[in-house]
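Let's take a look around this protein together. Keep the sequence and the 3D view open while you read.

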Amino acid sequence: HFWELINGKAYFDKQLGSRWKIFNLGFGGDSTQNTIWNLLNSGYTDGAKVKLFTVLIGNNNIHAKSTDEDIAKVADGCRMVLDIIKERHPESKIVLFPLLPKTDAKHPGVFQKLHRKYNAIIGKYADGKSVIWAGELWDRYLATADAQGNLPKTMLCDGCHPGTEGYRVWGEILKTYLKRYCKR
């Protein structure tokens with residue numbers, strides 16, 4: 001979500017949307033439950049020949065007071081999303097992205113710790129064949145953090161959503177998978 005807005009639009013239009021046919025189902029505020037419902041009931045991908053799905057999901061389910069049990073439940077939701085896609089589109093590849101290293105001044109370090117736990121679980125869902133783990137996204141973002149773990153606004157404009165540089169970094173990683181799995 002938000003590729004279509006100010007921070008990601010220029011990169012998307014020039015580097016992605018002009019080269020590949022992309023349909024974005026990332027809706028702001030959606031939880032795993034909303035995505036599961038959309039996959040099962042919306043008809044958005046029914047009958048479509050999709051070469052590649054990309055999934056980055058779970059951020060809207062995780063809160064500062066999330067427990068390990070909560071994280072496991074969110075990861076189960078991610079697994080359900082992957083399973084639905086694999087069942088309905090067995091010919092498709094899925095690139096699974098980690099949650100970004102979110103920062104929050106009210107809860108320093110809390111979200112990065114929670115996201116790291118979540119990412120460790122969902123990364124194991126990748127089999128390298130139908131589901132490919134793109135964990136390098138986390139590393140590339142975190143490499144820009146200061147000593148306190150805060151990312152510059154160019155990476156995460158509000159501590160959660162990518163800034164212009166964050167979209168460029170994500171886009172460059174995404175392009176490697178698009179080139180690999182969506183040859184023309």
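## Before we start

One thing to keep in mind: this is a predicted model.

## Helices H2 and H3

Start with helix H2, which covers residues 32–41, and helix H3, which covers residues 68–88. How far apart are the axes of H2 and H3, and at what angle do the two helices pack? The axes are 9 Å apart, and the angle is about 15°. Since angles under 35 degrees count as roughly parallel, H2 is roughly parallel to H3. The crossing of H2 past H3 is left-handed.

So who's touching whom? From H2 come Thr32, Thr35, Ile36, Leu39 and Leu40, while H3 brings Val74, Gly77, Cys78, Met80, Val81, Ile84, Ile85 and Arg88. Sort the residues of this contact between H2 and H3 by class and you get 9 nonpolar, 3 polar and 1 charged.

## Two residues on H2

Zoom in on Thr32, which sits in helix H2. Is Thr32 buried or exposed? Its relative accessibility is 4%, and the cut-off for buried is under 20%, so Thr32 counts as buried. Skip the neighbours within four places in sequence, and Thr32 is in contact with Ile57, Gly58, Asn61, Val74, Gly77, Cys78 and Val81.

Now find Asn38, also part of helix H2. Asn38 is buried too, with a relative accessible area of 17%. Leaving out residues up to four places away in sequence, Asn38 touches Phe27, Asp30, Gly43 and Tyr44.

## Aromatic rings

Time for some rings. A pair of aromatic rings is described by two things: the distance of the centres and the angle of the planes. The count for this model comes to 8 aromatic pairs. One of these is formed by Phe23 and Tyr44, with 6.0 Å from centre to centre and 65° between the planes. Planes over 60 degrees apart count as edge-to-face, so that's what the pair of Phe23 and Tyr44 is called.

Where do Phe23 and Tyr44 lie? Phe23 is in the loop between helix H1 (6–16) and H2, and Tyr44 is in the loop between H2 and strand E1 (52–55), so the pair ties together parts that are 21 residues apart in sequence. Phe23 is exposed, at 56% relative accessible area, while Tyr44 is partly exposed, at 41%. Elsewhere on your screen, look for a cluster in which ring pairs link Trp3, Tyr11, Phe12, Phe97, Tyr167 and Trp170.

## Helices H1 and H6

Next up are H1 and helix H6, the latter made of residues 164–181. They pack at an angle of about 30°, and their axes are 9 Å apart. That angle makes H1 roughly parallel to H6, and the crossing of H1 and H6 is right-handed.

On the H1 side, look for Asn7, Gly8, Tyr11, Gln15 and Leu16; they meet Thr164, Tyr167, Arg168, Gly171, Glu172, Leu174, Lys175 and Leu178 in H6. What classes of residue are in the contact of H1 with H6? There are 5 nonpolar, 5 polar and 3 charged residues.

## A last stop at Gly123

Finally, find Gly123 in the loop between helix H4 (110–122) and strand E3 (131–133). Gly123 is buried, with a relative accessible area of 18%. Gly123 and Arg180 are 57 residues apart along the chain, and their C-alpha atoms are separated by 20 Å.

Conventions. Residues are numbered from 1 along each chain as its sequence is written. This is a predicted model: local features need pLDDT of at least 70, side-chain atom pairs count only at pLDDT 80 or more; totals for chains, interfaces and linings use all residues. Side-chain values use heavy atoms; hydrogens and water are left out. Axes are lines fitted to C-alpha atoms, for helices over the stretch in contact, and angles run from 0 to 180 degrees between N-to-C directions. Helices (H or I, at least four residues) and strands (E, at least two) are DSSP runs, numbered from the N terminus. Angles under 35 degrees count as roughly parallel, over 145 as roughly antiparallel, 65 to 115 as roughly perpendicular and the rest as oblique. A crossing is left-handed if the near helix is turned anticlockwise from the far one by less than a right angle, and right-handed if clockwise. Contact means heavy atoms within 4.5 Å. Ala, Val, Leu, Ile, Met, Phe, Trp, Tyr, Cys and Pro count as nonpolar, Asp, Glu, Lys and Arg as charged, and the others, Gly among them, as polar. Rings of Phe, Tyr and Trp (its six-membered ring) pair if their centres lie within 6.5 Å; planes under 30 degrees apart count as stacked, over 60 as edge-to-face and the rest as tilted. Buried means under 20% relative accessible area, exposed over 50%, partly exposed in between (1.4 Å probe, protein chains only).
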